[in-house]
Each structure stands twice: as structure tokens, then as C-alpha cells.
Amino acid sequence: MNELVDTYLDAYEQTQGVLPERLEEIGAAYREQGHLTRDQLYELAYENSTRSAYHVESNPPERCREVTANVLAVDGDFSKIQLLTGLSGFKAPTASAVLTALDPDRHAVVDTRVWASLDRLGYLDGRKESFDAADYVTMLEPIREIATETDHAVAEVGYALFAYDDDVREGTLH
């Protein structure tokens, strides 16, 4: 598994995935400010999914600050992702990018590619096209297990799983 993660982590930059450097910048601002602004959430959502980022602008600015501040105050992955998905424009995949920006050692950006890789590698059973908070928690367990096995950050494992699916998938994504 370590070789797979190393190989595909190197290959990640050739994919259309979210840029880790951008997440690091947004995460640093998040930790410093104690919240994210609507503009910062829009920027992050645009990095993750250009098609749906415009929905973020329908959130009142104070709600964005409140929700992202509350994410810092609660324990539990389910609670954190559930809070974020309460914002317009934030389904579990985009919300996972917020959590990854905040704490890449505990979180990973997830989507159908990551789920498919976990399925292909025997960690999950069956394909999924959409995710909720419970699905995020389901994916985190094997991703964290792989991170521990390979001595990589959880976020890095997520990136590698994304690149793995990008490489081996036959046919279209959806």
C-alpha cells in the first residue's frame, strides 16, 4: 500500500484535483482567524467544484463565520461535516475540503474517485455517486488506516486515492 500511495501522490499534480497548496493557505487563514469568511469559502468551493461554487454566495456572511467557527468548537467528524453541509454550496465533498484545509493530518478531500478507489482496494463495498456526512465518516476510517500504515498525512492518502482512480478508471466518471 505504501508504494501505491507514494506513486499516486506524486501523480496527483497531473489530475484535475483541488490544489493542496491552496488548501494549506486557506487552512492557515482559518486557524489564524478562527473562522472563514464567505469569500474564503467561495474560493475554497471554487477550487473544489467550479460548477457549484456560486451557491456559496447565497449564504449570509455572518452565517459563514458562525458555522466555520462552530466547526472548531465541536468534536466528532460527523458533527463537523454536518455543520458545514448546512451551508448552501457545501455537500460532503466540498465540506471535506474545508476540513482538510483546517486539519490535513485528520481529514481528506473525498469524492466519487476516492470512494471508487477504496471500493477497488477492498476497503468499501459498492460504488456511490453522492455522499452525506455518514458516508464521509465511513470513508475516513480506511483512509486514516492507510495513513497510519504508510506514515502519510490523511490528506495525502486522499490525494493519492483520487489520482489512483484517475489513472485506472475505464470510461467516464459518471
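Are Arg-144 and Asp-77 buried or exposed? Arg-144 is buried, and Asp-77 is buried as well, where buried stands for under 20% relative accessible area, exposed for over 50%, and partly exposed for what lies in between (1.4 Å probe, protein chains only). The model is a predicted one, in which local features need pLDDT of at least 70 and side-chain atom pairs count only at pLDDT 80 or more, while totals for chains, interfaces and linings use all residues. Residues are numbered from 1 along each chain as its sequence is written, and side-chain values use heavy atoms, with hydrogens and water left out.

The overall fold comes next. The protein holds nine helices and zero strands, taken as DSSP runs numbered from the N terminus (helices: H or I, at least four residues; strands: E, at least two). With a radius of gyration of 15 Å, close to the 16 Å that the globule rule gives for 174 residues, the protein is as compact as a globular protein of that length; the radius is taken over C-alpha atoms, and the rule is 2.2 Å times the number of residues to the power 0.38. The C-alpha trace spans about 45 × 30 × 30 Å along its principal axes. Of the 174 residues, 48% are buried.

The whole structure contains 11 salt bridges, each being a side-chain nitrogen of Lys or Arg within 4 Å of a carboxyl oxygen of Asp or Glu. Arg-144 and Asp-77 form one of them, with their closest N and O atoms 2.7 Å apart. This pair links distant parts of the chain, since Arg-144 belongs to helix H8 (residues 133-150) and Asp-77 to helix H5 (residues 77-85), 67 residues apart. Within helix H2, Arg-22 pairs with Glu-25 at 2.0 Å between the closest N and O atoms; the two are three residues apart and therefore separated by about one helical turn. Arg-22 is buried at 18% relative accessible area, whereas Glu-25 is partly exposed at 46%. Asp-135 and Lys-128 form a further salt bridge, with the closest N and O atoms 3.3 Å apart. Salt bridges that share partners also join Arg-113, Arg-120, Asp-165, Asp-166 and Arg-169 into one network.

On the surface, a patch of negative charge gathers Glu-3, Asp-6, Asp-10, Glu-13, Glu-21 and Glu-24. Helices H1 (2-11) and H2 (20-33) each give two or more residues to the negative patch, and H1 provides the largest share, three residues. Glu-3 lies in H1 and counts as exposed because its relative accessibility is 63%. Patch residues have over 30% relative accessible area and no salt bridge, with like charges joined within 9 Å.

Key: Patch = residues over 30% accessible without salt bridge, like charges linked within 9 Å, V, L, I, M, F, W, Y side chains within 5 Å. Areas by Shrake-Rupley, 256 points an atom, 1.4 Å probe, with all protein chains shown as cover. Lys, Arg positive; Asp, Glu negative; His and termini not counted. Charge placed at Lys NZ, Arg CZ, Asp CG, Glu CD.
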